[in-house]
Amino acid sequence: MPIQYYIFLCLTLFSIGVIGVLTRRNAIIVFMCIELMLNAVNLLLVAFSKMYHGAALQLSPTSTAGIDAQIFVFFIMVVAAAEVSVGLAIIVMMFRNTHSVDINFLNRLKN
Amino acid sequence: MSTLEIIFYALSAFAIVSAIMVLVSKNPIHSVLWLILVFFAISGHYVLLNAQFLAIVNIIVYAGAIMVLFLFVIMLMNVKVDNEPQKKMIIKFIGALSGGSLLLLLVALVKQTTQLEGKQVLMKEGTIGLIHPLGQALFTDYVLPFEISSVLFLSAMVGAVIIGKK
């Protein structure tokens, strides 16, 4: 499978995430769109790692080139899990204070 | 068309349609359920690329843990569907336009590059996605980031508890 197909797929998913962040006002949905963007990047990293690995296999059959990208994806997932736990705690606190999950409430932070 | 291509196109279409439904759904719970479907499609892509460890971790961590957390929070808040404030139509249009322009720009950029011509992704072969090589790399070359990530988890846990207690 040519690498371009994977790039186009991931770009589409990433752009859908960007559109979601720009057009929705529910803080939870905005958060979910950020997760979508993270996953698009993860998929592209794995595709690139396999591209690199395929090229390296032709030079030496025992090569493990490209394994770094998959480790990287693993760490992205770890960081995303930590980020979600703190972010959702902040959204819950925001909901407790204002009884809404409107993202525009965060405008007040600038004062 | 080979079976591999059919599966690739089907999974891609499934992922994109589900991702659009995440945005379109009015009810946040439906959005979460569509997002879980996106994650399953992406896990299918990982299996297709023979990255089996990441496929399983994606399902366990994302579809299993993170999305359940989202569902818990949404059900805890009990947000009404018609209560959700909507952006103005013009803002929505501008947002969709800017996102579409970003997509167009990046696709044009990728189409122009000559370095990617003829590069093939290795499908369903290669052993780097299996548990044994990944675990070996994780506990030899990457053991320090692995330990640091545990500290990160601890601090995230403490942070969430402190923010939640107030």
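What radius of gyration does chain A have, and what would a compact globule of 111 residues have? Chain A has 19 Å, whereas a compact globule of 111 residues would have a value near 13 Å. The radius of gyration is taken over C-alpha atoms, and the globule rule is 2.2 Å times the number of residues to the power 0.38.

This is a predicted model, in which local features need pLDDT of at least 70 and side-chain atom pairs count only at pLDDT 80 or more, while totals for chains, interfaces and linings use all residues. Residues are numbered from 1 along each chain as its sequence is written, and chains are lettered from A in the order in which they are written.

The C-alpha atoms of chain A fill a box of roughly 60 × 25 × 20 Å along the principal axes. Chain A contains three helices and zero strands, in the pattern α-α-α along the sequence. Helices (H or I, at least four residues) and strands (E, at least two) are DSSP runs, numbered from the N terminus. Of the 111 residues in chain A, 50% are buried, that is, with 20 or more other C-beta atoms within 10 Å of their own C-beta atom, placed from the backbone.

Confidence is expressed as pLDDT, the predictor's confidence in each residue, from 0 to 100.

| Item | Mean pLDDT |
|---|---|
| Chain A | 88 |
| α1(A), highest among the elements | 92 |
| α3(A), lowest among the elements | 89 |

In chain A, 99% of the residues reach a pLDDT of 70 or more.

The helices α2(A) and α3(A) pack at an angle of about 175 degrees, with their axes 10 Å apart. Axes are lines fitted to C-alpha atoms, for helices over the stretch in contact, and angles run from 0 to 180 degrees between N-to-C directions. The two helices α2(A) and α3(A) are therefore roughly antiparallel, a term for angles over 145 degrees. Residues in this contact (C-beta atoms, placed from the backbone, within 7 Å) include A:Phe31 and A:Leu38 of α2(A) and A:Phe72 and A:Ile76 of α3(A). By class, the contact of α2(A) with α3(A) has 14 nonpolar, four polar and one charged. Ala, Val, Leu, Ile, Met, Phe, Trp, Tyr, Cys and Pro count as nonpolar, Asp, Glu, Lys and Arg as charged, and the others, Gly among them, as polar.

The contact between chains takes 59 residues from chain A and 68 residues from chain B. On the side of chain A that touches chain B, α1 (3-23), α2 (27-59) and α3 (67-98) each supply at least two residues. The most come from α3(A), with 21 residues.

Note on methods:
Buried ≥ 20, exposed ≤ 12 C-beta atoms within 10 Å, placed from the backbone. Contact = placed C-beta atoms within 7 Å. Parallel < 35°, antiparallel > 145°, perpendicular 65-115°, else oblique.
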